[in-house]
Amino acid sequence: MKLRKLTAVLCALCLTLAGLAGCAGKPSEGGDQKGGDTIIALITMDSIDQHWITLNEGAQKAAKELGVNVQFMSPNTKDDAQQIECVNNAVSAGAKAIIVAANGPDAISSALKEAQSKGVKIVYVDSPANVEAEATFSTDNKAAGKTAGEEMKKALEAKGVTSGKIGIINVNAATDSCVMREEGFRSAFEGSGFELLETQYGEGDAAKSQSIAENYITQGVAGIFGCNEGSTTGAGNAIKATGKADIIGVGFDKSDAILGLIGDGFLLATMAQNPDVMGYEGVKAAVKAINGESLGGKVTDTGVSVLAKEGGSAPSGGSTASQEWKIALITMDSIDQHWVTLNEGAQAKAKELGVTVTFMSPNTKDDAQQIECVNNAVAGGYNAIMVAANGPDAISSALKEAQSKGVKIVYVDSPANVEAEATFSTDNKAAGKTAGEEMKKALEAKGVTSGKIGIINVNAATDSCVMREEGFRSAFEGSGFELLETQYGEGDAAKSQSIAENYITQGVAGIFGCNEGSTTGAGNAIKATGKADIIGVGFDKSDAILGLIDDGFLLATMAQNPDVMGSSGVEACVKALEGTSLGGAVTDTGVSVLTK
């Protein structure tokens, strides 16, 4: 019966969509149309731009892995009415979730609210609407736009040009992602001698954008910025038509046409997003939401790379570095599985880019030993240091000394109070709040609405763990629970177990561990009681923690993505060493709630 019902639904979908001129509704190429009963609709701004095609490829990869059916049902052109129609058709077809890149923040909102009222989960990719969603996966467009402006400004100044007119081609005045890119781009020129002209809109169409760019060229502009794939292609084609490359063109997105224009010298650079990551993570989030997991509306920055001729900016997409840079990886210790996994991600990226990463972390969490590791890296001639700081201050002088000698600093997991090229970490406060909500929900499900809760942290200085605790405590504000004074176990499982056992003698209803060792200790203490009536929630993923969850002695753990931190950290080091300004950007590498 289930198969017949599914077949009927899919047939109805195909018949309905086939009659529509705008909303394509065709099965995704490469998609497994027998991928399961769960239908997820993917609705982007159009179905033509290479950006959306690549996003769909990432979505289909996740769909195949997770056994769900992702239908790419986007309009052929950017049109609010057609996109709304696609949303309505997805609901009619029984989609459990809609992954959407909204044309604008408002036009599609009513349709999305109607979908939510019928139980459909909403996940945003690339560009959100003004409706709360389960999660959003997009580029930090304002920061990326500023980087684009800095690239243009740098290139103009290298030519001795410090004033002049600059044209901007945007899609429209409503698409949030492109509006933010323009805002960031303009901010890069504040206080300079350049005049940024009034923005012109080409609706993302390459031909219209080329006409706009040609008009800018007649006004004697020094540079042109395109806010998306069509705008950038149009700008590059207009510059190419002049037969000379003295106008600096910078844009967004990656396509064969754009890369060709960069290769021929008619565009300086493009900000290449990661649409495949958006699509892949969007499907994963949709499945989690369908399965009842709370994602908290979190916004994840999926990153951007600067692509220029001859690797003039950072390597991307598997390109090797210009030389075998030496990078030191210094974490809090070298034992916790979290750091071992982070190193694995770093080594994989190092191999891909042709650089050397040396894992030179202390055996235990100790400020003096971590400072010594930094000094050894500098003495050893390392070009960059990736570091997870024990605390914000202790290591600062050593890092400043390293910077004074030209060493690039990138943070992974936990920063110090020294400006760095970039930071890759979990949004620890948000993840801590999620941990608190998971515990509170489990206690209330047992009919427990008051009682004592113990917290085991590493120390009072480690920024990441302090933020986790702060988020956890915020989840219980206004409740009947009493959160006891925090105890510190230095991330050691045995010390943390002793602390947890003391909490248990005080009759706590729950215990929260702020890192791997704290969580393992809490779980072991609950296990030693022989009963699982105390709710244990923690952080990080290890075999020991997963075993305690499976045995029922821990409810859940907040699993970070240390491999992503390591991989992204190495890539950022190479970019910084090859001359790309990363602007100190902080990237949230995400978290998942793991339960039995």
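Start by selecting Cys 227, which is buried at 0% relative accessibility. This is a predicted model, and the values along the way are computed from it. A disulfide would need the two sulfur atoms within 2.5 Å. Next, jump to Cys 373, which is in no disulfide either: the nearest cysteine sulfur belongs to Cys 573, 16 Å away. Cys 373 is buried as well, with a relative accessible area of 11%. The disulfide count comes to zero.

**Stop two: a pair of helices**

Select residues 367–379, which make up helix 12, and residues 396–404, which make up helix 13. How close do the axes of helix 12 and helix 13 come, and at what angle do they cross? They come within 9 Å and cross at roughly 10°. That makes helix 12 roughly parallel to helix 13, since angles under 35 degrees count as roughly parallel.

Show the side chains to see who meets whom. Helix 12 brings Ile 371, Val 374, Asn 375 and Val 378, and helix 13 answers with Ala 398, Leu 399 and Ala 402. By class, this contact has six nonpolar residues, one polar residue and no charged ones.

**Stop three: salt bridges**

Side chains of opposite charge can pair when their charged atoms come close. Across the whole structure, a search finds 16 salt bridges; here are some to look at.

- Select Lys 118 and Glu 114, a salt bridge with its closest N and O atoms 3.5 Å apart. Lys 118 is exposed, with a relative accessible area of 56%, while Glu 114 is partly exposed at 41%.
- Move on to Lys 365 and Asp 336, where the closest N and O atoms of the salt bridge are 3.4 Å apart. This pair links distant parts of the chain, 29 residues apart: Lys 365 sits in the loop between strand 15 (356–359) and helix 12, and Asp 336 in the loop between strand 14 (326–330) and helix 11 (337–353). Both Lys 365 and Asp 336 are buried.
- Then pick Lys 429 and Glu 470, whose salt bridge has its closest N and O atoms 3.0 Å apart. Again the pair links distant parts of the chain, with Lys 429 in helix 14 (residues 428–445) and Glu 470 in helix 15 (residues 463–474), 41 residues apart. Lys 429 is partly exposed at 39% relative accessibility, and Glu 470 is partly exposed at 35%.
- Finally, select Asp 46, Asp 49 and Lys 78 together, as they are linked in a network of salt bridges.

Go to Ala 213 in helix 7 (residues 206–218). Is Ala 213 buried or exposed? Ala 213 is buried, with a relative accessible area of 0%. Leaving aside residues up to four places away in sequence, Ala 213 touches Ile 169, Ile 224, Gly 234, Ala 235 and Ala 238. For a sense of scale, draw a distance from Ala 213 to Thr 364: C-alpha to C-alpha, they are 59 Å apart in space and 151 residues apart in sequence.

Now centre on Thr 589, in the loop between strand 25 (585–588) and strand 26 (591–595). Thr 589 is buried, with a relative accessible area of 8%. Which residues does Thr 589 touch, not counting those up to four places away in sequence? They are Phe 424, Ser 425, Thr 426, Asn 561, Val 564 and Met 565. Draw a line from Thr 589 to Gly 303 too: the two are 286 residues apart along the chain, and their C-alpha atoms are separated by 9.9 Å.

**Last stop: two backbone angles**

Most residues other than glycine have a negative phi. Select Asp 126, in the loop between strand 4 (121–125) and strand 5 (135–138), and check its phi: the value is positive, near 75°. Asp 126 is buried at 3% relative accessibility.

To finish, select Glu 203, in the loop between strand 8 (200–201) and helix 7. Phi of Glu 203 is also a positive value, near 55°. Glu 203 is partly exposed, with a relative accessible area of 38%.

Definitions and conventions. Residues are numbered from 1 along each chain as its sequence is written. This is a predicted model: local features need pLDDT of at least 70, side-chain atom pairs count only at pLDDT 80 or more; totals for chains, interfaces and linings use all residues. Side-chain values use heavy atoms; hydrogens and water are left out. Axes are lines fitted to C-alpha atoms, for helices over the stretch in contact, and angles run from 0 to 180 degrees between N-to-C directions. Helices (H or I, at least four residues) and strands (E, at least two) are DSSP runs, numbered from the N terminus. Angles under 35 degrees count as roughly parallel, over 145 as roughly antiparallel, 65 to 115 as roughly perpendicular and the rest as oblique. Contact means heavy atoms within 4.5 Å. Ala, Val, Leu, Ile, Met, Phe, Trp, Tyr, Cys and Pro count as nonpolar, Asp, Glu, Lys and Arg as charged, and the others, Gly among them, as polar. Buried means under 20% relative accessible area, exposed over 50%, partly exposed in between (1.4 Å probe, protein chains only). A salt bridge is a side-chain nitrogen of Lys or Arg within 4 Å of a carboxyl oxygen of Asp or Glu.
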